[in-house]
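Here is a friendly walk through one structure, from its sheet to its ligand and its nonpolar cores. Have the model open beside you as you read.

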Amino acid sequence: MRLGFGDTDPTGYTAITTARQVQDIDARTGDLGATKTASKRSPWNRKNPYRAQVLSNRCLSGPASAKEVRHFEIALDDSGISYEAGDGFGVRPVNDAVLVSAVIERLGVPADIAVHTKAGEITLEQALTTEYEIGIPSMDLIEAVAEHAGDAELDHVLQNGDRASFDAWIWGRDVVDVLDLDRSSTLDPAEFLGLLRPLQHRVYSISSSPTAHEGTVHLTVSTVRYRSAERDRGGVCSTYLADRVGDGNEAGVFLSPNKSFRLPSDDTPIIMIGPGTGVAPFRAFLHERRARGATGDNWLFFGDQHRSTDFLYADELAEFERDGLLTRLDLAFSRDQHEKIYVQHRMRESGQQLYGWLEAGAHLYVCGDAARMAKSVDEALHEIVAEHGGHSPDAAEDYVNELKRSKRYLRDVY
Ligand SMILES: Cc1cc2nc3c(=O)[nH]c(=O)nc-3n(C[C@H](O)[C@H](O)[C@H](O)COP(=O)(O)OP(=O)(O)OC[C@H]3O[C@@H](n4cnc5c(N)ncnc54)[C@H](O)[C@@H]3O)c2cc1C
């Protein structure tokens, strides 16, 4: 039985991040003609990415960190791509050779067997490397395998039709896991490829400023790595960037404009809330404001697990604080003390000042985790407005809605 959510959308049924990402493709990419920004229209798009040289790929997080966050610098060279602080960048990944081999082994056919794809007649190995999504399994594949697998848990999830249980079931599973549900299955390569989705690009917030870092785009990427069912696994694009694109190699990229996430006029104060990789566009904003000599005050809330290992761009932020560009830097390292402290706690601690900044016309930006952080920050904002503005909950809601309407409360969350 088919689940009723977005199964015709190439990724619409998957976890929040992926679903959101696909929405963003439509909303942001120049290639679909929806957006027209001050950034020049780029000839490059998800179907025709620019082959850019990766100039630098270095780890920002410390060796003892539970996370691996990397900084990339990508050359724009003769691409003609021009961007603004706040824009995103699309990256077309290449699948991991180990996963490709595992899939071919399950199919039990030679890797060099010829197959027909949109890219022409190529080997099965090539097709699985560059053309098809083998990380996150497609609904078509899951349903085809489920028909004969007799897997009680999966049957229950599919019959139930409940999105949350399906998301929980698919979380962490790849195409090999799905094929393993029915070891007796004999899908021929053409039939199998017909069940897969095309390999999707991923979007990243640009962390550089076009004025300060001319000719390059910087990205701040958290590498997705986990172990499940005795196999080490990784996110397709973040491990592609981390492991398979060394310095000097090329990657397919294109601009993903975000015209609704822009700096205000140079004299307007801004409040930026960007824990983890959410700091990316705010690094871009700060560099841009410094390069332009913008006079508006800048307040950044940053947080992560530990100060010693996860304080991304600590040196740069300290310098911005010293030279007065950063009016305030509030930090929340959740695991450096017994009780967990997050950015929303820091916001509440300085609620009166934060409300004062809003009253003085500040624009408030949030970037990073959509599932928990953005929700908690939104709750904190409502509480701050109610408490320090002397508003009822309804009036606080109206105040925040007005911020949104006037484009002074902007979010880039994923
Ligand atoms: C507008 C926008 C801006 C973004 N900006 C940034 C940015 O600046 N920096 C950044 O790092 N990311 C950013 N992202 C997220 C980014 O686009 C990718 O979604 C992210 O890098 C993961 O992609 P991937 O290909 O590595 O993983 P995928 O191949 O997409 O794999 C993700 C899947 O891995 C599995 N998985 C992940 N973690 C675990 C776990 N711990 N245990 C079990 N299973 C797990 C789940 O099944 C999950 O669905 C942004 C997204 C959007 C939409």
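Strand E1 (residues 50–59) and strand E10 (residues 250–256) run antiparallel and are joined by 4 bridges. Tyrosine 50 has valine 253 in E10 as its bridge partner. Helices (H or I, at least four residues) and strands (E, at least two) are DSSP runs numbered from the N terminus, and two strands pair if DSSP finds at least two bridges between them.

This is a predicted model, in which local features need pLDDT of at least 70 and side-chain atom pairs count only at pLDDT 80 or more, while totals for chains, interfaces and linings use all residues. Residues are numbered from 1 along each chain as its sequence is written, and side-chain values use heavy atoms, with hydrogens and water left out.

**The sheet and its helix**

The pair belongs to an open sheet of 6 strands, in the order E6-E3-E10-E1-E2-E7, with antiparallel pairing. Strand E6 (202–205) and strand E7 (216–222) each have a single partner strand and stand at the edges, so one side of each is left without a neighbour in the sheet. On average, neighbouring strands of this sheet are turned by 40 degrees against each other, direction ignored.

H9 packs on this sheet, touching E1, strand E2 (69–75), strand E3 (88–92), E6, E7 and E10; contact means heavy atoms within 4.5 Å. The direction of H9 makes about 65 degrees with that of E6, where axes are lines fitted to C-alpha atoms, for helices over the stretch in contact, and angles run from 0 to 180 degrees between N-to-C directions. Helix H9 (residues 236–244) is mostly covered, with 7 of its 9 residues buried (under 20% relative accessible area, 1.4 Å probe, protein chains only). Among the buried ones are Cys237, Ser238 and Tyr240.

**The ligand**

Around the ligand are 23 residues (a heavy atom within 4 Å), and Gly172, Arg202, Val203, Cys237 and Ser238 come nearest.

| Residue atom | Ligand atom | Distance |
|---|---|---|
| Tyrosine 204, polar side-chain atom | oxygen | 2.8 Å |
| Threonine 220, backbone N or O | nitrogen | 2.8 Å |
| Serine 222, polar backbone atom | oxygen | 2.9 Å |

**The nonpolar cores**

The largest nonpolar core has 33 residues, of which Val103, Leu128, Leu141, Phe192, Leu193 and Leu196 touch the most other members. Such a core is a set of buried Ala, Val, Leu, Ile, Met, Phe, Trp, Tyr and Cys residues joined through side-chain atoms within 4.5 Å. The largest share of this core, 6 residues, comes from H2.

Terms used:
Buried means under 20% relative accessible area, exposed over 50%, partly exposed in between (1.4 Å probe, protein chains only). A polar contact is a pair of N or O atoms within 3.5 Å; within protein, one must be able to donate a hydrogen and the other to accept it, and residues adjacent in sequence count only if both atoms are side-chain atoms.
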